Amino acid sequence: MDTLPIAMFEILSFGAIVVLVVLGLGIIASMMGIFNFAQGEFVLLGAYVTYLVHSVGLPVPLGMLAAPVVVGALGFILEKLVVRRFYAAPIVAMLGTYALGLIIREAVRGLTGGLYLSVPEPISGSITIGSLHFAAWRCVIVIITLLVMAASHALLAYTSFGLRVRASLENPSLARASGISTGMIYSLTFAFGAALAGLAGALIVPVFSLFADLGIRFLIQGFVAVMVGGVGSFAGPVAGASVIGTLSAWLPWLMSPVIADVLVFVLAIILIKVRPQGLVSGRGVNR
Amino acid sequence: MSSTGTRTQPPPRVIQAARSPIMASAFTGRKKVLLILELALLIAASIAPIVLPDYITVYATRVLILCLFALSFDLVWGYAGILSLGQSLFFGMAGYGVALLARDFGVGSIFAVLPAGTLIGFVAALLLAGFLLLGRHPSSVVFVSLGTMTGAYAADRLARGSHYLGGQNGIPSIPPMTIGSHELSEGPVFYYLVLAILVLIYLLSRFLLRSQFGLALAGLRENEQRIAFFGYKVQHLKAIIFAVSGAIAGTAGSLYAFHEGFVWPNMLGVVMSTQVVLYVLFGGSGTLIGAIIGTAIVEGLSFWLSDTYRDIWPVILGALLLLVILFRPLGLISLLLGERERVGSFGPNREEKRNAAP
């Protein structure tokens with residue numbers, strides 16, 4: 001009787017996590033045409049920053065605020081130093097960002113000593129509605145995801161920065177001719193995508209705990225979600241992430257978790273094969 | 001009409017020029033570097049077990065098997081431009097396949113298990129290629145890489161969850177491979193066996209890639225559309241090379257299973273397939289010898305350094321890889337070999353034509 005709302009909430013909160021992780025990946029892939037293989041490691045880094053702040057005795061929410069800033073700054077630097085050399089060759093970019101990810105992942109593995117480290121939830125306990133209990137932190141994740149989604153969309157669709165980003169996406173040479181510094185726009189977009197991943201990592205670390213391979217799982221999930229949703233638009237990755245997140249949370253209720261996990265990916269690959277342009281075709285950010 | 005008719009016939013003088021030994025030696029100057037390199041490596045590999053202590057020979061055998069595996073990835077990525085991030089799927093499936101044959105059916109004869117492993121790799125790759133590469137829409141590189149990676153991830157998960165396959169621990173203590181009544185264990189004999197297989201497959205691949213088929217592959221790596229306009233069935237070419245590489249990965253996987261004596265889920269998963277990407281990028285994709293050199297260097301370095309610098313070794317490896325990708329996109333081999341030898345020369349050489357032209 002009570003399992004249905006609980007299940008719905010589980011699905012919703014896990015879907016929100018996937019959306020949060022995928023958003024940054026999707027923005028970088030859609031706006032810059034680069035599949036960033038280091039994105040999973042940006043998530044990991046966000047989680048690690050939160051852990052560091054927690055371990056020196058400062059409150060966890062402070063770490064969660066610091067994580068996107070630190071990871072975003074790192075993304076900015078990496079874009080300036082490394083990633084910008086790859087724009088001409090998207091495939092090389094995949095390999096280059098993969099190498100970056102490897103460095104970050106192994107560095108974190110060395111720093112954590114390969115252990116599973118846990119970070120407490122800043123808001124513990126549960127919210128009780130009638131006879132149902134919902135974990136409070138998961139509710140917070142859902143709310144923050146919605147806020148971040150809305151803010152990102154607003155940033156890209158309504159601000160002058162967003163206009164510049166879209167202009168650089170649609171026609172880089174005309175954008176440059178109009179006086180937009182496309183190089184700077186790309187750096188900032190990449191940093192923004194990295195910061196979103198950092199935030200995602202910071203928010204999910206109390207749920208998943210910190211370990212070096214945290215990023216890999218989300219990387220594959222994120223890529224599949226972006227491809228299912230469709231590269232090139234804002235709505236695409238979000239739609240894809242919702243589908244993948246819902247499936248990954250819902251299928252384990254029906255069958256064994258291993259089979260469910262595999263089935264999600266197989267279904268997604270078939271979907272991409274049948275509909276290569278993704279669920280949401282078209283480019284740009286819809287107002 | 002008559003003029004076009006004569007133009008399609010090659011002038012006989014050019015053919016003669018191509019066969020004249022003086023002309024032929026004029027354009028092999030660069031090519032000799034590759035040949036010398038290959039021969040030097042072969043000689044070094046042949047005498048290695050004689051000069052090296054036994055425990056290093058065992059390690060070297062593993063490196064040779066990994067070289068074979070790297071070769072299979074190089075064929076698809078370096079030559080056909082298919083970024084297969086799930087090459088370990090074929091490697092691991094063949095490994096598990098032969099391990100099950102040995103465990104449950106007592107089949108250990110090399111003449112049964114190696115063909116079986118190769119066949120498993122071939123069939124698995126053919127099926128995956130049929131799904132990923134063939135079809136109405138041509139598949140994007142990103143889709144193929146994602147699809148293969150998902151395949152490896154899924155296989156890894158399933159193997160970990162399967163009781164029959166031994167779960168997390170895999171299948172331990174596989175009975176040794178046999179030739180007739182002789183049991184093959186680690187050591188020089190196994191080493192030379194693997195070396196012979198590697199050389200054989202290397203030569204076969206070299207022959208395949210220097211043929212018309214190899215030229216078409218190199219063409220589709222550089223510009224897929226143009227090759228399609230020439231009338232080649234691009235997707236079929238890709239599927240064929242993918243299946244061939246799957247077969248080679250299968251051979252490597254079955255050798256690996258018997259050499260190590262056990263198989264475990266990591267052999268199937270993303271860890272192993274990223275490892276092989278690393279080898280090939282490091283050495284230089286698009287040259288067969290580059291894959292071999294890359295594997296030898298990465299494994300050799302990790303043999304030395306992973307003891308002393310256990311924690312930071314993977315970080316160093318990642319940084320080296322990044323540097324190679326940034327500054328030497330064609331890999332370390334490009335320090336020695338020219339761009340031209342990535343493809344090889346076909347037909348009468350250009351210089352030769354210039355000399356021979358009336």
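## A helix to start with

This is a predicted model. Helix α5 of chain B covers residues 54–79, 26 residues in total. From its first C-alpha to its last it reaches 36 Å, close to the 38 Å expected at 1.5 Å a residue. Have a look at Phe73(B), where α5(B) bends by about 30 degrees. After the helix comes Gly81(B), with a positive phi near 70 degrees.

Is α5(B) enclosed or open? Because 19 of its 26 residues are buried, α5(B) is largely enclosed by the rest of the structure.

## Into the core

The largest nonpolar core holds 198 residues. Those with the most contacts inside it are Cys67(B), Leu68(B), Ala70(B) and Leu71(B), together with Val224(A) and Ile244(A).

Which residues does Cys67(B) touch, leaving aside neighbours within four places in sequence? They are Leu198(B), Ile292(B), Thr295(B) and Ala296(B).

## Chain B as a whole

Chain B has 17 helices and two strands, and 44% of its 358 residues count as buried. Among its contacts with a separation of 6 or more, 80% come from residues 24 or more positions apart.

## Where the chains meet

Terms used: Residues are numbered from 1 along each chain as its sequence is written. Chains are lettered from A and ligands numbered from 1 in the order in which they are written. This is a predicted model: local features need pLDDT of at least 70, side-chain atom pairs count only at pLDDT 80 or more; totals for chains, interfaces and linings use all residues. A nonpolar core is a set of buried Ala, Val, Leu, Ile, Met, Phe, Trp, Tyr and Cys residues joined through C-beta atoms within 7 Å. A residue is buried if 20 or more other C-beta atoms lie within 10 Å of its own, exposed if 12 or fewer, and partly exposed in between; C-beta atoms are placed from the backbone. Two residues are in contact if their C-beta atoms, placed from the backbone, lie within 7 Å. Helices (H or I, at least four residues) and strands (E, at least two) are DSSP runs, numbered from the N terminus. The expected span of a helix is 1.5 Å times one less than its number of residues. The bend at a residue is the angle between axes fitted to the seven residues ending there and the seven starting there.
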